[in-house]
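Have a look at the model below, and keep the sequence at hand. We'll go from the inside out.

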Amino acid sequence: MLRWPLVVGAVLVLFAVMAGAFGAHGLKNLIDAQGLAVFQTGVTYQVYHGLGLMLVAILGGLDLSRQLLGWAAAFFTLGTVLFSGSLYLLVLTTQPWLGPVTPAGGLCFMVGWVMVIVAGLRPRA
């Protein structure tokens, strides 16, 4: 089993729960409904990819390429920072230059999932 994706994934999910509570209770009177929806999108993707990291950790115990799974975990982590992080900062700071960062995070998510697919199709290396 790959341990670091398990720990990082659990930390990301923990912080997503905290961010979701902050958005639901701390931000609801400070930003508009669209801002809350954007913030919630960041929370949702953070949860998905935190769980994805934990899945990668478990898959590391199977006869799959740990190198590919390690890369998948790295792309999930970077994707979460870029995607969810840029959405959080966009809502909290209203800095428009952060908008183009979000798709880079989405691309990292996609690359990570491709790595998991390839790891599932190839014998362990």
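Predicted model: local features only at pLDDT ≥ 70, side-chain atom pairs only at ≥ 80, totals over all residues.

Skip its neighbours within four places in sequence, and F76 still touches H49, G52, L53, V56, F109, G112, W113 and V116. Several residues here belong to the largest nonpolar core, a set of 13 residues in which L53, V56, L59, L69, F76 and V116 are those with the most contacts. Which elements give two or more residues to this core? They are α2 (33–59), α3 (66–93) and α4 (101–121). Of these, α3 gives the most, with five residues.

Now over to α1. This helix has 24 residues and runs 33 Å from its first C-alpha to its last, close to the 34 Å you'd expect at 1.5 Å a residue. Which of its residues are buried? That would be P5, G9, L12, V13, A16, A19, G20 and G23. The cover over the buried residues of α1 includes α2 and α3. As for the spacing, an α-helix has 3.6 residues a turn, so residues three or four places apart point the same way.

Is F15 buried, exposed or partly exposed? Its relative accessible area is 44%, and because that falls between the 20% and 50% cut-offs, F15 counts as partly exposed.

Definitions and conventions
Residues numbered from 1 in each chain as written. Heavy atoms only, no water. Core = buried A, V, L, I, M, F, W, Y, C linked by side-chain atoms within 4.5 Å. Buried < 20%, exposed > 50% of the residue type's maximum accessible area, 1.4 Å probe, protein only. Helix = DSSP H or I, 4+ residues; strand = E, 2+ residues; numbered from the N terminus. Contact = heavy atoms within 4.5 Å. Expected span 1.5 Å × (residues − 1).
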